[in-house]
Amino acid sequence: MASSSCSFIYIILLLISSFGLVLGCYESIISFGDSLTDTGNLIRLSKSNKHVASSVPPYGETFFHHPTGRFSDGRLIIDFIAESMGFPLIPPYAGVMKNMTSSRNSIRGINFAVAGATAVDISFLEKRGVKNPATNVSLGTELEWFKQMLPILCNSPTSCREFLGNSLVLMGEIGGNDYNHPFSQGRSREEVQTYVPEVVKAIGLAIHELIELGAQTLIVPGNLPIGCSASYLNTFENSNKDEYDAETGCINWLNNFAEYHNQLLQEEIHRIRELHPQANIIYADYYNAAMQIYQSPKKFGFTSTIVACCGGGGPYNYDSLASCGSPLSNVCNNPSSHVSWDGVHLTEAAYRWIAKGLLQGPYTIPKINELCSFDGLSKGKSDQ
């Protein structure tokens, strides 16, 4: 694993070089994950939107100017990836199934990510007395939805393998909620750390199954530095200065926990690469890309890193009882100056920098959309 001291430029070059190894053009994007990737599934699957924060203002205010189900003030990493490839923004699975009017030739991607989703099956957490207050969806559930939808996307086993082989598969981010839920419910770091091998195993099994179905190019993101999250900083706030990084203000042991997950994930990716040498499995180092922002915020245009733009007050502007969008919450004047949007998720500005690290960089390395021709595909603003 690259150390946190690696330069942002170096991370960019590694990620872009991985993309550069891919030959040919992508016909669609297939996405899985949780709230970092959800473009509107949770609000469509919920019986009442009133209980979904992303269904009310100020969510979506920066780009869409109304809530879309995205847990941010604007676009997510998946949106920037789609735009860079010349695709329309990738629609949520629940919306596509509800309004299936497009022919299979016009579908440029589907997003199965659901906010609150876990990598492990919900039964794993339930056996340990951990509740998922958001949803009972897991990565396995999302994969089942995808397999059920395959006959709509292609009409034979051969064409389905070809379709998936020509798709860019984004595996999340996924796994964060497997730790968020038990940590928020008072479980110790020692207990939650025992979950990590099972979480990584679940991600690995999903990658393996997708490759067996025909996937050739998969992006597998690591976890973000959770020790810099306002929600965790609020939950684990204490007077022991040794627990905090003097430069960033982040909690060291929580970031070490995220790095442990990422280390095991990379080892799992290496194992799968050996089993499937024909597949291009790209590890997306969200952790180190984000850490560069926390360590040098002014370089990237940020004035606030660990204080949420939208929240319920306190030192980190985070209060679970007055969360973003509730009547008691407040919102900053300029979200683009903040890294944290609501204390759990990032702002569009922060997601843009991470996506830029994946796709563009400061040098003359071709972007994905420069490698292919995307005739007639929308690159403009979407109202999803």
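**Close-up views of a predicted model**

**View 1. Glu 144 and Lys 147 join their side chains in a salt bridge, 2.8 Å from N to O.** A salt bridge here is a side-chain nitrogen of Lys or Arg within 4 Å of a carboxyl oxygen of Asp or Glu. This is a predicted model, in which local features need pLDDT of at least 70 and side-chain atom pairs count only at pLDDT 80 or more, while totals for chains, interfaces and linings use all residues. Residues are numbered from 1 along each chain as its sequence is written, and side-chain values use heavy atoms, with hydrogens and water left out. Both partners sit in helix H6 (residues 139-153), 3 residues apart, or about one turn of the helix. Helices (H or I, at least four residues) and strands (E, at least two) are DSSP runs, numbered from the N terminus. An α-helix has 3.6 residues a turn, so residues three or four places apart point the same way. Glu 144 is partly exposed, at 38% relative accessible area, and Lys 147 is partly exposed too, at 27%. For these labels, buried means under 20% relative accessible area, exposed means over 50%, and partly exposed lies in between (1.4 Å probe, protein chains only).

**View 2. Lys 147 also meets the side chain of Glu 209 in a salt bridge, 2.5 Å from N to O.** Glu 209 belongs to helix H10 (residues 196-213) and Lys 147 to helix H6, so this pair ties together parts that are 62 residues apart in sequence. Glu 209 is partly exposed, with a relative accessible area of 28%.

**View 3. Arg 75 and Glu 83 form a salt bridge of 3.1 Å, N to O.** Here both residues are buried. The total by the salt-bridge rule comes to 8.

**View 4. Strand S3 (residues 167-171) is mostly covered, with 5 of its 5 residues buried.** In a regular strand the side chains alternate between the two faces of the sheet. On one side of S3 you will find Ser 167, Val 169 and Met 171, and on the other Leu 168 and Leu 170, all of them buried. Strand S1 (residues 28-32) runs parallel to S3 and is joined to S3 by 5 bridges; two strands pair if DSSP finds at least two bridges between them. Look for Ile 30 opposite Val 169. Strand S4 (residues 217-221) is also parallel to S3, with 3 bridges between them, and Leu 168 stands opposite Thr 217.

**View 5. Asn 111 lies in strand S2 (residues 109-111).** This residue is buried, with a relative accessible area of 0%. The Asn 111 side chain makes a polar contact with the side chain of Thr 39 at 3.0 Å. A polar contact is a pair of N or O atoms within 3.5 Å; within protein, one must be able to donate a hydrogen and the other to accept it, and residues adjacent in sequence count only if both atoms are side-chain atoms. Setting aside neighbours within four places in sequence, Asn 111 has contacts (heavy atoms within 4.5 Å) that include Ser 31, Phe 32, Ile 78 and Tyr 93.
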